[in-house]
Amino acid sequence: MTTDLLATSADTWRDRSVDPPVVPDELRPPGHGSPRERNRALWQRHELRRQRAEDVYAASRNPVRGWPVSGNRAVLAFFGDLIRSRRGSFALMVALNALAAGAALVVPRLLGSLVNRVQAQGAAVEGLDAIALAVVGVVVLQSLLTFGARRTSTHFGQDLLASAREYVVDTILRLPVGRVEGASTGDLVTRVTRDVGTMARSVQWGVPRLLISLMTVLLSVVAMMLNSVVLALPALLVFALCTPAVRTYLRRAPKAYITEGATYSRINTTLTETVEGARTVEALHLSGARVRAGSDDIEVSAQAERYGTTLRNVLFAALNAAFQLPQVVTLVVGAYGYSRGWVDLGQITAAMLYVVALSEPLDAVIGEVDRLQVGAASTSRLLGIAEVPPDREPGDRLPDGVELTATDLRFAYREGHDVLHGVDLHLAVGERLAVVGPSGSGKSTLGRLLAGINRPRTGTARVGGVDLVDLPLEVLRVEVALVTQEHHVFIGSVRDNIVLAREDSTVDDVREALRAVGSLAWVERLPDGLDTLIGSGRFALTPAQAQQVALARLIIADPHTLVLDEATSLIDPRTARTLEGSMNNLLEGRTVVAIAHRLHTAHDADRIAVVIDGRIVELGSHDELLALDGEYADLWHAWTS
Ligand SMILES: Nc1ncnc2c1ncn2[C@@H]1O[C@H](COP(=O)(O)OP(=O)(O)OP(=O)(O)O)[C@@H](O)[C@H]1O
């Protein structure tokens with residue numbers, strides 16, 4: 001961590017999943033020069049940004065260095081499944097929107113026939129009232145249908161969004177703990193905040209609006225063809241000419257938007273690192289370096305955004321021109337066709353109304369496609385989280401007994417760098433084992449393997465003959481529990497925090513658990529006793545109190561084996577001794593592995609395992625190990641002196 005903070009921003013960047021942050025001169029705004037030179041410089045900058053976006057994109061898809069990003073197919077399948085699972089409301093939404101769009105297309109035809117009648121019959125036109133009445137009737141019907149269509153679309157979007165959100169939350173909660181600890185927090189936080197928000201907006205508004213606009217465009221084209229093929233062709237031809245611009249955009253936009261997401265993750269990662277390491281930053285006067293790192297991240301993000309904006313601007317400019325052109329061309333073709341007798345005035349009127357009316361849904365289609373591209377990029381990043389392979393596939397075998405055994409345990413955080421080198425351990429039921437050893441020798445890692453948190457690289461850690469990592473989590477929790485010094489207090493009452501471990505616990509169970517850890521007295525003195533709200537922003541507990549609440553939660557969970565990793569190190573020695581004393585009474589008959597940092601814990605244990613360099617080098621009772629006069633005896637003498 002310190003090395004990372006001390007590194008220059010360029011060095012630090014080398015380890016990151018995105019491009020170096022230093023903004024090269026070529027990417028800065030072009031200076032003066034002839035318009036041609038400036039244009040060339042602009043184009044070169046755009047190309048450089050594109051290449052850079054490609055690099056950042058490639059890096060962001062590298063699952064080894066960051067959270068994975070899913071491909072387009074996965075995104076389509078995800079939305080396809082969501083829509084398929086609510087076929088009924090989807091069909092209703094499509095039908096209502098089609099009817100509303102169809103009703104809107106009747107008016108131009110009616111007005112066209114009105115023009116023809118006026119032309120044929122002059123001032124004494126007949127049936128004017130009927131046509132006017134029909135127009136009013138159709139407009140009222142269209143308004144009602146549009147109201148119904150929008151209502152159904154909004155409900156559909158909200159329902160889709162709720163399912164998508166549930167999926168994301170579910171996926172995140174299922175992530176292997178080891179993977180969450182090892183990966184970038186900033187990236188994960190960006191995905192579950194910004195990306196969920198972006199996906200939400202696309203799902204809720206983008207999907208229904210795109211469907212509505214697409215349907216209006218399709219039906220308008222059909223109506224135009226039915227009105228007059230000759231008058232429909234110019235518009236269709238001009239729209240067809242836009243295809244290359246749209247294709248270029250569609251090819252490049254997903255990468256651009258995924259890149260933007262990756263750069264936001266970088267900003268958050270740097271920020272999180274700085275906040276988490278605030279003390280180190282302050283102690284080593286690193287604030288300047290951290291500010292520079294943050295500014296570099298923001299500059300890279302701004303570049304990615306500029307690239308995305310350029311793509312959008314080019315597309316919108318091309319399409320805007322294309323939307324204006326058909327009106328002129330249709331009018332010219334109409335005039336020519338009328339002079340040749342191919343079309344009548346009514347057809348020209350209807351065709352012009354259709355072409356003018358078409359620009360709005362077409363504009364909406366493009367706008368929504370863009371919104372959906374942004375949403376799809378965010379969805380790729382969210383679905384990427386689900387691609388993290390599970391670290392366990394629970395089997396259906398249940399433990400036969402409560403004996404914990406470890407055989408030839410080896411484990412590596414990084415490939416080729418084992419931190420445990422073949423540990424064998426057999427714990428007798430009800431035994432207290434203390435694990436001692438120098439810092440970094442592998443005590444906590446052994447504890448995590450014995451609690452089934454991580455899967456050993458080779459070897460087995462079993463309870464009742466079944467591998468811990470093959471047990472379903474709900475079974476594992478009542479077999480072995482790991483207690484560390486990181487005790488999270490959830491927002492809620494003291495009681496809520498304790499019954500989390502077993503929701504059917506009674507108030508008496510909670511009191512009993514609190515009494516056992518020696519904290520019932522102070523809990524009862526809280527403003528609302530057991531119902532006092534604690535957690536972030538609520539009544540603040542001291543670290544020791546938070547730890548006691550966590551221990552009470554553990555007593556309620558009632559596992560037969562406990563792995564205590566520095567569990568009492570935050571409590572002052574006197575309180576720790578009291579707490580350990582009450583726990584000893586209460587944990588009678590349970591198996592306890594205590595990773596000991598104070599040797600008195602070891603002294604009280606049945607056996608002591610001395611871990612050095614990932615191996616158990618001594619194993620025996622306090623007296624046996626003192627008599628051995630080896631590593632433990634040295635530690636003990638150092639401690640007592
Ligand atoms: N998440 C991790 N990623 C990479 N290496 C790790 C990780 N956690 C621990 N290590 C490394 O594994 C080795 C064993 O660490 P471990 O925390 O198990 O030792 P320990 O004996 O519990 O140390 P301490 O008493 O200081 O907590 C150390 O070299 C440590 O740097």
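Two residues are in contact if their C-beta atoms, placed from the backbone, lie within 7 Å. This is a predicted model, where local features need pLDDT of at least 70, side-chain atom pairs count only at pLDDT 80 or more, and totals for chains, interfaces and linings use all residues. Residue numbers start from 1 along each chain, as its sequence is written.

**Exercise 1.** Find which residues alanine 501 is in contact with, leaving aside its neighbours within four places in sequence.

*Solution.* Start with the location: alanine 501 sits in the loop between α16 (494-499) and α17 (507-516). Helices are DSSP runs of H or I with at least four residues, strands are runs of E with at least two, and both are numbered from the N terminus. Next, apply the contact rule: the partners are Arg553, Leu554, Ile556 and Ala557. Finally, check burial, for which a residue is buried if 20 or more other C-beta atoms lie within 10 Å of its own, exposed if 12 or fewer, and partly exposed in between, with C-beta atoms placed from the backbone. Alanine 501 counts as buried because it has 20 C-beta neighbours inside 10 Å.

**Exercise 2.** Work out what span helix α19 (residues 543-557) should have at 1.5 Å a residue.

*Solution.* The expected span is 1.5 Å times one less than the number of residues. For the 15 residues of α19 this gives 21 Å, and the end C-alpha atoms are 21 Å apart, which agrees.

**Exercise 3.** Decide how α4 (residues 72-84) and α13 (residues 345-386) cross.

*Solution.* Axes are lines fitted to C-alpha atoms, for helices over the stretch in contact, and angles run from 0 to 180 degrees between N-to-C directions. The two axes come within 9 Å and cross at roughly 95°. Angles of 65 to 115 degrees count as roughly perpendicular, under 35 as roughly parallel, over 145 as roughly antiparallel and the rest as oblique. Therefore α4 is roughly perpendicular to α13. On the α4 side, Ala74, Val75 and Phe78 make the contact, while α13 supplies Ala376, Thr379, Ser380 and Leu383.

**Exercise 4.** Is histidine 285 buried or exposed?

*Solution.* First place histidine 285 in the loop between α11 (278-283) and α12 (287-340). Then count: its 8 C-beta neighbours inside 10 Å make histidine 285 exposed. One more detail: its phi is positive, about 55°, although histidine 285 is not a glycine.
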